[in-house]
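Let's take a walk through this structure together. We'll start with what a database record says, then look in on two spots along the chain.

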Amino acid sequence: MSPHVLAILLFGLGLGTTITFASSHWLLAWMGLEINTLAILPLMAQHHHPRAVEATTKYFLVQATAAATLLFASTANAWYTGQWAINDMTETIPSTMIIAALALKLGLAPLHSWLPQVLQGLDLTTGLILSTWQKIAPLILLIQIQPDPAILVVLGLLSTLVGGWGGLNQTQLRKILAYSSIAHLGWMVLILQFAPSLTLLTLLIYFIMTSTTFLMFKHNKALTINSLALSWSKAPIITTLSPLILLSLGGLPPLTGFMPKWLILEELTKQDLPALATITALSALLSLYFYLRLSYAMALTVSPNNLTGIAPWRFHSSGPALPLALMTIGTLCLLPLTPAILAILAITSP
């Protein structure tokens, strides 16, 4: 793809997201979401592979359905209330429809089934954009409309459970990362009504950890669990750090991923929801299992000697190493900054 075309598409992604979270009118928010969708479609189909074209088509149909539902619900809300303001959602039916549309855009359970299929057909770079940047605009809208807590609790709990169960029997790394995304989004939605600033903190840390994981797999040119066994011959240092990166994604102390889960469980307990906090903590064990599978495949297995092809040996990576190094530091070392982050949240929260 031409660098000029790529720059225009990336500018469209940024513009669509900015329009959506900076607007207070439903038509402007819908316009931003549409710009966002149209900007990423050429990036998804750029390789002209049948799987990429299929994933692009699925993504377009899902996003078009969600956008049409959101536009219809916002029009119905304007019909009832006479207001197009995003934070003026007083009618039950339009509000529920908008929550369903945003859940479909985010890939929350039970509207999640498109996300693993779409992510499987993409390359790792476009999959990283889909798993991170494309989540910002719908999540900001979900924060602004302040929906019923019961609906968010149901969506969040289902997403954490489905994200854990769905990734258990997967062998494709992109599908595993898709179910990991569903589980993390469940944690964010679960706490959204009680502490929106904590949701944004979880989103930021999720971006750092997911970017590290995608870049690590791209550095190793790995797409399946079996191909991870060759990681040591390609990148010994990254392979040594990979268990820590994956365990941070699973939320184990003393790594960065423990911070948002700890704070979310603490907030749920403060809200007098100990049963919900217990179920959510137990659901994290499901995700931890397939992270441990990946760690075992990368760091504790040796590639077999009867390979059909020639095993790569210390090939030089074509991509820049600095983003991966910075993201790895963020994934592993941010937990000691928790008191400072809590102080900032206390200052900025109303």
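In its unreviewed UniProt entry, the annotation "transmembrane region" is given to residues 57-80, 92-115, 151-169, 229-253, 273-292 and 324-347. Keep in mind that the model you're looking at is predicted. What does the chain do over residues 57-80? That span is 100% helix and 0% strand, with its end C-alpha atoms 35 Å apart. Over residues 92-115 the chain is 71% helix and 0% strand, and here the end C-alpha atoms lie 28 Å apart.

Now zoom in on Thr69, which sits in helix α3, residues 50-81. Is Thr69 buried, exposed or something in between? Its relative accessibility is 25%, so it counts as partly exposed. A polar atom of its side chain lies 2.8 Å from the backbone oxygen of Thr65. Setting aside neighbours within four places in sequence, Thr69 is in contact with Met97 and Ala101. Gln120, by comparison, is 51 residues from Thr69 in sequence and 26 Å from it in space, C-alpha to C-alpha.

Next stop: Thr132. You'll find this residue in the loop between α6 (124-131) and α7 (136-145). Why does Thr132 count as buried? Its relative accessibility is 9%, and buried means under 20%, so Thr132 falls in that class. The side chain of Thr132 reaches the backbone oxygen of Leu128 at 2.6 Å. And which residues does Thr132 touch, once those up to four places away in sequence are left out? They are Phe207, Thr210 and Ser211.

Conventions
Residues numbered from 1 in each chain as written. Predicted model: local features only at pLDDT ≥ 70, side-chain atom pairs only at ≥ 80, totals over all residues. Heavy atoms only, no water. Helix = DSSP H or I, 4+ residues; strand = E, 2+ residues; numbered from the N terminus. Buried < 20%, exposed > 50% of the residue type's maximum accessible area, 1.4 Å probe, protein only. Contact = heavy atoms within 4.5 Å. Polar contact = N/O pair within 3.5 Å; in protein donor to acceptor, adjacent residues only side chain to side chain. UniProt positions renumbered as here; feature names shortened; annotations may be inferred.
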